[in-house]
Amino acid sequence: MSDPRNVIVFAVGDARYAFEIRWIREVVTLGFVTTVPSAPPALCGVCNLHGHIVPVIDVTAIVPGAEPASGTARQGDGALLIDVSGSTLAIRLEKIDRVASYEYDSGYLLDGASRILLLEPTTVYRVAAEQIALVGNSEELASGPRAESL
Amino acid sequence: MSATIDFDAEELSLLRQLFSGEANDALDTVTRLCLDGGANRPSHEAFGEMLRVTHAIKGAGGTVGLLAVVDAVHQLESNLLQLRDGRPAWNSGIRDAIVDICDGIRELVERGANAVELPVGLATMLRTLTTEQPAPVAPLETDPASAPILPLDAPRSHLRVAPERIDTVMSNAAELLFDRTRIERRTQLLRTVARDIARIRQQLRSALDDAAPHGGPAAYSPLAALEAELAGQATLLSQTSAALIDETEALRRTIGELQKSLTAMRMDTAQSLFSYSARALRALRRATGAAVELVTRGETTEFDKTVAEALHDPIVQLLRNVVSHGVDTAAARVALGKPAHVTITMTARQDAGFLVLSISDDGAGVDTKTLRERLVQTDRWTASRAAVASEDEVLRSLFVTPVSVKDDATAFAGHGIGLDSVRQSIARLGGEVSIASSVGRGTTFTLRLPLSTAVGTAMLFKVAGQVYAIPSVFVGQSLTANPADDMIAVRHEQLPVLSLEQLLGSTKPTGMRPAMEVTYAGRSVVCTVDKIVGLREIVIKQLDPLLAPLTLYAGATISGSGKVQLILDPAQLVRRGHARSATPHPVHDSQSAPMLAAGRALVVDDSRAIREAMTSMLSREGWIVDVAEDGARALQNTAQHRYDLLVTDLEMPNLDGWGLIGALRADPKRAGIAVIIITSRAHAENRRRARDLQVRALVPKPITRRKLLEALASPNLHGNER
C-alpha cells in the first residue's frame, strides 16, 4: 500500500508543487527572461541557458484552479530543468521548499495534514503545448491570405 | 635576400601554414586582376595592387624561410613592374602566362620547405615573360574561362573555394531552415484540422444514430450516405496529413544533413587558431618584454571557421590580460620553485557538441582577498556583499566591469579591462566563459562554445523594451511612419503600415515613428518600431518545437549580454500588415460579416477549373452563377442578363479583364455592376488601375472560399450596395 516518492517541492506564489527528482535534470538560476508577445500565460518567456534557448513555464497557468503567480519571471528566479517530449523546459519557481520523500496518493503527496500536487512532466508539456497551439492557430486563421480591398 | 629563422620547429610550421594562406590569397588577387579586364591591360591601380600583394608575400616568405617562393615572387614582381611601364605591351599570352606562373607559385607554396629550387618550367616562364613574347593563346581574344589554365595532366587534390561562396550557401541553408519551420507549422495546422473533422464526423455519426428509430432505416437515408462519404474523405485527409508529417520529417533530416556537410566544409582545426594566438603572443612579448611561452594541446580539434574567426579578438584580449596581469616576477617564481618564464597553455577539445577552449597560465593568479577590498573601495560592491561572496563570484566580477582603470596605481591596474568584451563576444556565439584562479599557481579561462553556428545579418530594433531581429535580406529602407495611418506612400506605392508597437507591445502610439520596410515574396509592409538599432551579424538559433505554433517567430539569437532576442518571420509581418489593411478588425469573422446580398453573378476566366471552383463557391452563398471563358463572351452575357456581380480574371484571350470592365463601365445600363478581380498579378500597378475602374476588390490567386467571402464582405463593396 505504501508508495513513497522522492520529490523536489517548490513554491510559486503561496502554492506548493512537486516533481519527482528523477525528472529533474538541473536546478538553475534564470538569466534574463525574454517575453514572447502573444504567448499564453503558461509560457513566461524564453531564456538562454548555456547557449540553448529554453522555454520558461509557469505551472500556475497550467494547474487548473491554481492561484496565478504574483510576479512575472525575472532574472535570478530559480527554475527546474526538465527534459520532456524532446524539449527542455525551465519550470519557474520562487522558492525550493525541500527535497523529501512523501507517500503518494492519487495525484497528491501526503505531507501530514496538507497535500502537495505532484506534477507529471508530460502533462505539463501537453497543457503548455495545447495553450500555445490554441493561440497559434487562432492567429493563423485570423491572418490567412486575404482579398485586398481597394 | 637573406632569411633569418628565429622560430622553433613548431612555431615555424604554424607560421608557414599561415603564410601559405596569405600567399594563396595574394596569388588569387593577381590572377583575378589579370583576368578581370579580359584582353585589356590591367589598370594602373590594378598593377599597383598586384605589386603591393606580391611584395608583401615576398617579405613574409623570407621570414618563414621559403626561399624558392621568395625567388619566384621576386621575379614575378620585377616582371609586373616592367609590364606596368609598358615593356613589353600587354597581351593575352602574357596574361595567361602570369596566371600559369601564379599556379606554379601556388604549388611551390604547397611544397613548402621541400622546394629548394624553382622548377625548370616555372623558372623559364618567369625568365621569358617579358623578354621573349610567349605565343598568344589565340589569334583573337577568346573567353578567358575557356583557355585551360592548368595542364590537364596535373589534377589537383583539392578544390579551393572562396570562403564567401560557402557563406552564401550557408545562408541559403539558413533560409531553408526558416522555410522548413513554416512548412512544419502548416502541416501541424492541417493535422489539427484533420482531427477536428474526424471529431465532427464522429458527432454527426452519433447524431444520426440517435435520430434513427432502433438504428434501422437511418443507415439508408441520404444523410447517412453523406456521412459515410465524409468519413472516407476524413480518413483520406488524416492519412494525407500524416504522410505530409512524415515527408516534412524527411525534409528536416535532409536539411540537417545539408547543414552538417556544409559545416564540415567550413571546419577548421584548432591549429590555425593556435598559430594566430602564437603570433599575437609574439607581438605582445615584443611589446612588453614579458617572458612568456605558449604550449598548445588539441591541435586536431575541429570547429567552424566562423567560430575560429570570432575567437580571434577574445583570445587576444585574454592573452593581453595574462601578459599584463598574470605574469609574476622571475624572483617570485624561482622562490616558488617555478621555471623563470611563464607558460601559457592553450587546450582545445570537444565536449558534447561544444568546443571547450582553455587558456591557463602558471603565473601569479588573482588575489581574491585584495580583489574583494578593491571592489568595496571602488564602490562596486557593499562591504557586506564582499564579505559573503564566494571566491567564484569575486572572480566573476572581473567580467562585469574593469575593477580598476589604467591610471589606478595598484596591483590591479587594468585587471579585467577587455574581459567584459570577451564575455560579450562569447555570449553572442552562444557560449560561456569562466575563470578559475589560485594565488601563486595561475589563472585558467575556460571558453565553452558551440562547434558551429548559423550566422546571418539581421536588422535589429527595439519595441517595448525588448530587442527583436528580422533577417536583413527582407528589410528595405528605413523611414518614418505614423502607426495610426493605414497606408503610407513609398516610392509611388501605397504600403500598409503595421504597428509592431501594437503587435509586440500592445500599445499603439501615434505620431511619426521610426519604421522600416519589410518585403517578402514581392509584397511589402512598413513596420513602425520604438527604435531601430541597426544591422548586426547574428547567430541564428532554433526555437524549441513547443513554440512552433507561434508563427510570428522564426527563431532567436543571443545578444552580447546573453539575452534571447526573437527573430520575426518577415512572411508573417507582410501577411499581417496586408490582412490588417484589408479589414479594419484584427480578428475578422467572415461568417458573421455583412455580406453582399446574393443575386446573379457572372464568372469570367479562361480556366475551366477556376470557373467551376468559383461557381461552386458562389452557389453555396446563394448566388445564381453564369460563366464565360473570356471578356468577349462575357459582354454577350451582360447584354442578355442583368448581373449584380462580375468576378473576372485579367489575362484572357479575345477581350481581357481590363477591356471587359472598361466596356461595362462605359455603358450606363451596365456600369453599376460590382466587380471583383481575381488575378495572379496583384501588384501595385494593377491595384491602381483597378481602383480607377471602381473595382471593389482584387483577390490574389490562388482563390480560396475564405478570400472570396472576404471580397464579398469587403466594407467597400458592402458600402456601395447601400
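I took a nonpolar core to be a set of buried Ala, Val, Leu, Ile, Met, Phe, Trp, Tyr and Cys residues joined through side-chain atoms within 4.5 Å. Buried means under 20% relative accessible area with a 1.4 Å probe, protein chains only.

The model is predicted: local features need pLDDT of at least 70, side-chain atom pairs count only at pLDDT 80 or more, and totals for chains, interfaces and linings use all residues. Residues are numbered from 1 along each chain as its sequence is written, chains are lettered from A in the order in which they are written, and side-chain values use heavy atoms, without hydrogens and water.

**Cores.** I found 58 residues in the largest nonpolar core, where Phe10(A), Ile91(A), Phe461(B), Leu500(B) and Leu568(B) touch the most other members. Helix H1 of chain A (residues 121–142) supplies the largest share of this core, 6 residues. A second, separate core holds 46 residues, among them Tyr276(B) and Leu398(B). I then listed the contacts (heavy atoms within 4.5 Å) of one residue. Leaving out residues up to four places away in sequence, Leu568(B) touches residues including Phe461(B), Leu500(B), Leu552(B) and Leu573(B).

**Chain A.** I counted 1 helix and 12 strands, taken as DSSP runs (helices H or I, at least four residues; strands E, at least two). Of the 150 residues, 55% count as buried.

**Cysteines.** Cys44(A) is buried at 17% relative accessibility, and Cys527(B) is buried at 0%. I recorded 0 disulfides over all chains, a disulfide being a pair of cysteine sulfur atoms within 2.5 Å.

Technical notes:
Buried < 20%, exposed > 50% of the residue type's maximum accessible area, 1.4 Å probe, protein only.
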